[in-house]
Structures are given as structure tokens and as C-alpha cells.
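Dear colleague,

I am passing on the structure below, and my notes on it follow directly after. Please read them with the coordinates open beside you.

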Amino acid sequence: MNIDKDFFEASLSFTMHPDDSIYMTLVPYLNEEYTRIQNNLLGTVVASTIDDGNNQDLYIAVGNLTCLSAVCRHLRGMDLVLTENGFGIVSNANIVPASQQRVDALQQECLNNFDFATDRVLDLLIATPDWYTTRQARTSIATLFEMRRFLHEYAGKPDGAGSHDAWLSAKRLAFEADIIVRDLISSAQMDALLVMERYHSDDKPIADAPASAIELIRRFMGSYVSGNKNDNLLNEVYDYMEANLDAFPEYAASSQYKAMHYENYQNTEESSVYIF
């Protein structure tokens, strides 16, 4: 992926400066960050379509993410100075570096933007048919609470509020919520829903019943992540699947379903364990 100064500065407005000091400092790391994103998020097949220029929207989104990743990883190693024209690199001993407070705020802004840029890439990958079977798809969408914006949409957090570390904590809580839901509907059913979540688009939407179940599960996960676990929402997941059983074959075949619908043993002569 070729990222020039204009693309870099368009992705990171705070780096716009009369000289190209920040860009030139980070150029050696851009390919390294793209390779990391390719290995952890894209996979080789999707990356090849980007490199071939066959998906312009994804090219731009991944380019933005690459720039943000490089800055987030190396920001504190740069001697930044804040001028009336924006941030730059300290060029001589007579220039005082930006304060630690300003650098900390800039680091947090970059990390937040990195999270939302990841959301954007995931939105595009979900609509890419070559992606959903990859290892990267399974690890990137390991629960149904995979997007940073879900903190606002389902956990009641102000839009854009919080920190990158808070999002990492929320994702850990989402894994706990995922286990609770799996115990109710079975891991097989949750895995089936995750496969649908990893590949859908306007041309290939998720069917109504699974889509509704995913929405209910996300609402429960949001309550759990927010610290206000709402078991009524979990009951809604159960009731919905029970009422639409044909749409959830993995749940219908699961030990969880059988346990909830256990029929008392009938001692009849036809039974192989008939008791005289």
C-alpha cells in the first residue's frame, strides 16, 4: 500500500504542517503497520484485492487505519512541538516540545480515532464475501459486540465518549456476556449467528429472525457491559428463539433446548429399560 504525504495528512489532520516532519518520521513504519493490519484483520485474499486497487472504499479505510496505527504506536517516541500551524517535530534545541498533557490528549484522540476507523474497516469487510471464512474474521468478530460504536448504541455511553482502554475493558466484558448467552442458546447457535454477522450486505441481508435475535443479544450484552445487567433481556432472547424455533436449528438440537423441554420418562413396555 502506497501512502503519500497528502493521503497521510488527510487521514490525520493534526499532522498538517508547513514541513513534512511527522510524515517523514513515520514513513519507515507505514509498511510495517499495514502488514500488521493485513495479518490481524484483512487476511491475504482481501489484502490482495486492496493492493490491486479493486476495492477503493476499503483501500481508503485501510489506509486511514494504517496511518492511525503508525501514529498511535510511535507518537510518544517523537519530539512533538505545537505551533500555530499544528504539530511538528522539534528541529533544534531552542524549541520547547509540546507539554505532556497535550501529547497525552493527542494520544487519546488517535486511539479513539483508531477504534472508530477499525469499525469502518469491519463494516466494509463484513460485506466482502472472501473474508468471513478467514481466521481474521473469526478473531475480529468473536462476539456480537464487536464495534466500538456499540458502546453508544447498546451500552448507553455518550457518542464518542470513553477511552481506548475503556473499550478494551468493554470487549473483555462482552466475552463474559457471550458465555452467558452461549449457556442459554448453545455455542453452536451462537457460532451460527456469528457466521451470519461476519458476512452480510444489502444484497445478502441476514434473515429477519436471526437478525432480530442478534439485536436482542446485543441489547443484553450492552446492559452487561454497562454494569447494569438486565436478565429480562436475556429472557427475551430465549422467548424469541422458542417462538421461532424453525429459524434456530442449532438451538433446537442442543442440550440446552432438551434440558428446558425435558419430558418425564414414561415407564412403558415399549421402553428398552422397562421396569417390571
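Asp-231 counts as partly exposed at 39% relative accessibility, where partly exposed is the range between buried (under 20% relative accessible area) and exposed (over 50%), computed with a 1.4 Å probe on protein chains only. Its side chain meets that of Lys-229 in a salt bridge, at 3.5 Å from N to O, the term standing for a side-chain nitrogen of Lys or Arg within 4 Å of a carboxyl oxygen of Asp or Glu. Lys-229, at 44% relative accessibility, is likewise classed as partly exposed.

Before going further, please note that this is a predicted model, in which local features need pLDDT of at least 70 and side-chain atom pairs count only at pLDDT 80 or more, while totals for chains, interfaces and linings use all residues. Residues are numbered from 1 along each chain as its sequence is written, and side-chain values use heavy atoms, with hydrogens and water left out.

Asp-231 also belongs to helix α11, which covers residues 231-243; helices here are DSSP runs of H or I with at least four residues, numbered from the N terminus. The helix has 13 residues and reaches 18 Å from its first C-alpha to its last, close to the 18 Å expected at 1.5 Å a residue, the expected span being 1.5 Å times one less than the number of residues. The buried residues of α11 are Leu-233, Leu-234, Val-237, Tyr-238 and Met-241. They lie on the same side of the helix, because they cover an arc of only 150 degrees around its axis, as judged from the directions from the helix axis to the C-beta atoms. Among the elements that cover these buried residues are α8 (164-185), α9 (187-198) and α10 (208-225), whereas the face of α11 turned away from its buried side carries the exposed residues Asn-232 and Ala-243. At the start of α11, a side-chain oxygen of Asn-230 comes to within 2.9 Å of the backbone nitrogen of Asn-232.

Turning to the other salt bridges, the count by this rule comes to 14. One of them joins Asp-115 to Arg-148, with the closest N and O atoms 2.6 Å apart. Asp-115 lies in helix α5 (residues 100-126) and Arg-148 in the loop between α6 (135-140) and α7 (150-153), so the pair ties together parts that are 33 residues apart in sequence. Both Asp-115 and Arg-148 are buried. Arg-149 forms a salt bridge with Asp-123, the closest N and O atoms being 3.0 Å apart, and this pair again links the loop between α6 and α7 to helix α5, across 26 residues. Here Arg-149 is partly exposed, with a relative accessible area of 25%, and Asp-123 is partly exposed at 29%. Elsewhere, Glu-32, Glu-33, Arg-36 and Arg-73 are linked in a network of salt bridges.

Note on methods:
Helices (H or I, at least four residues) and strands (E, at least two) are DSSP runs, numbered from the N terminus. Contact means heavy atoms within 4.5 Å. A polar contact is a pair of N or O atoms within 3.5 Å; within protein, one must be able to donate a hydrogen and the other to accept it, and residues adjacent in sequence count only if both atoms are side-chain atoms.
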